[in-house]
Every structure is written in structure tokens, then in C-alpha cells.
Amino acid sequence: MKFVQPIRDPKKLEAMKKYLYFKNIRDFIMFFVGINTGFRISDILPLMVRDVKGTHITITEKKTRKVKSVLIRKSLRKALDAYIKDKADFEYLFPSRKRKRGKAHPISPNMAYKIIRGAAKELDLEEIGTHSMRKTFGYRLYLETKDIALLMDHFNHSEEKVTLRYVGLLQDTLDDALEDFEL
């Protein structure tokens, strides 16, 4: 399993959003939900229209069975409202075109990975996967708030070091320290 990175550069993040928006609105919304909630892809894909109609997106994490709730901020609310305006409450947000036994279902985590990797490849981004959405959320939230305790709670981490490594900040700190260091 490869270790993926957050998308650190705001310009590259905007390029990723723009690319996905024009390629496929469903894929853009998936990415946008991911970078705005910090949820794992396994918790994003089963979302239904009714799950995003309120002020928060609330899930029970598959991995930990813990309940998490994230506020839907203005830009995400606007994008979601446009996307779901003609959809029924019981529809999946990220439906697969294929049906299983005649029933609708969400895209698979593997398909989500292919979507994100394909977009990253088009934009020459390396070490990007579906988990990059979660890490990007954490990276940007930490830079904005410097609240490591909040991030640790959201990610269910018990140590600051784990969270800082997870969102790529330990590597950034090391890189910055070594940039002008010569022996």
C-alpha cells in the first residue's frame, strides 16, 4: 500500500476541483465532500441525498463505529444544493452507472480511487489517492487553526505526532529545517 499525501498547494487543489467539475459533476462533489469533511471514502460513498440536506453531514464511521458530524459550510452547501436539486432523498449521492440485481448502489472505493488517481495524473500530481482528500482536509484545517487537539479528535488519533505525520506536516517541517542546512 502506498502512502498518499495531502494536496498542499492551493493552486493544485483548485486545479483538481476545476478538472473534476468539468469532467464529471458527481466526481467533483465526491472530492468536494471529501476535502470539506475529512471523512474516509468508505464513509462518503454510501451517502444519500437525505444525508446532505441539513446543516451537517453526520455519519457512523465504518472503521471505528464512532459518530462524526461536520458542518456543511457555504461553498459545499451551494455545490450540494445545485447537485441534488432534481434528486430524490433516497438516491445515492455517488451512484454507479452499473446496477446490482437491478438495484442502484454507490460507486465502489476502487472506482473512486481510479477517478481521483486519473485526475491527479492529468494534473501531474503524485502520491494522490482517495485518502488524500481526508489528509488535505486535515492539512488545511491545521494551517488555518493550528488546533492539533481538534484534528486529533476528528481523526481519532491519540498522539499529536501521529496526526502531524498523517497530514504531512512533520515532513514539511523537516524539509523546511533542512532547506538551508549544509554540512
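**Salt bridges, rings and positive phi values**

Let me start with aspartate 81. Its relative accessibility is 38%, which makes aspartate 81 partly exposed. The cut-offs: buried is under 20% relative accessible area, exposed is over 50%, and partly exposed is in between, using a 1.4 Å probe and protein chains only.

Some ground rules. This is a predicted model, where local features need pLDDT of at least 70 and side-chain atom pairs count only at pLDDT 80 or more, while totals for chains, interfaces and linings use all residues. Residues are numbered from 1 along each chain as its sequence is written, and side-chain values use heavy atoms, with hydrogens and water left out.

Salt bridges next. Side chains of opposite charge can pair when their charged atoms come close. Here a salt bridge needs a side-chain nitrogen of Lys or Arg within 4 Å of a carboxyl oxygen of Asp or Glu. The count is five. I'll show some of them.

Aspartate 81 bridges to arginine 77, with the closest N and O atoms 3.0 Å apart. Both sit in helix H4, residues 74–84, four residues apart, which is about one helical turn. Helices are DSSP runs of H or I with at least four residues, strands are runs of E with at least two, and numbering starts from the N terminus. Arginine 77 is buried, at 18% relative accessibility.

Now helix H1, residues 10–23. Lysine 17 and glutamate 14 are three residues apart there, again about one helical turn. They form a salt bridge, closest N to O 2.7 Å. Lysine 17 is buried at 15% relative accessible area. Glutamate 14 is partly exposed at 43%.

Which residue forms a salt bridge with glutamate 61? Arginine 40, with the closest N and O atoms 3.3 Å apart. Glutamate 61 is in the loop between E1 and E2, and arginine 40 is in the loop between H2 and helix H3 (41–44), so this pair ties together parts 21 residues apart in sequence. Both partners are buried: glutamate 61 at 1% relative accessibility, arginine 40 at 12%.

E1 covers residues 56–60. Its covered face carries Ile57 and Ile59; its uncovered face carries His56, Thr58 and Thr60. E1 pairs with E2, residues 67–71, in the antiparallel sense over five bridges. Pairing takes at least two DSSP bridges between two strands. Isoleucine 59 stands opposite lysine 68. The hairpin has six residues between the strands, and arginine 65 has a positive phi there, near 65°.

Aspartate 124 has a phi near 55°. It sits in the loop between helix H5 (109–122) and helix H6 (131–145), and it is exposed at 67% relative accessible area. Glutamate 127 lies in the loop between H5 and H6 too. Its phi is about 60°, and it is partly exposed at 47%. Lysine 146 follows H6, with a positive phi near 55°.

On H6 itself: its 15 residues should span 21 Å at 1.5 Å a residue, and the end C-alpha atoms are 21 Å apart, which agrees. The expected span is 1.5 Å times one less than the number of residues. Buried residues of H6 include Phe137, Tyr139 and Tyr142.

Last topic: aromatics. Rings of Phe, Tyr and Trp (its six-membered ring) pair if their centres lie within 6.5 Å; planes under 30 degrees apart are stacked, over 60 edge-to-face, the rest tilted. The count is five pairs. Tyrosine 21 and phenylalanine 22 have ring centres 5.1 Å apart and planes at 85°, so they are edge-to-face. Phenylalanine 28 and phenylalanine 32 are stacked, 5.1 Å centre to centre with 20° between planes. Both lie in helix H2 (residues 25–37), four residues apart, about one turn.

Buried or exposed? Phenylalanine 28 and phenylalanine 32 are buried. Phenylalanine 22 is exposed at 65% relative accessibility, and tyrosine 21 is partly exposed at 44%. Tyr21, Phe22, Phe28 and Phe32 make one aromatic cluster.

Finally, charges over rings. That requires NZ of Lys or CZ of Arg within 6 Å of the ring centre and within 35 degrees of the ring normal. Lysine 135 lies over the face of phenylalanine 3, at 3.6 Å from the ring centre. Lysine 87 lies over tyrosine 83, at 4.6 Å.
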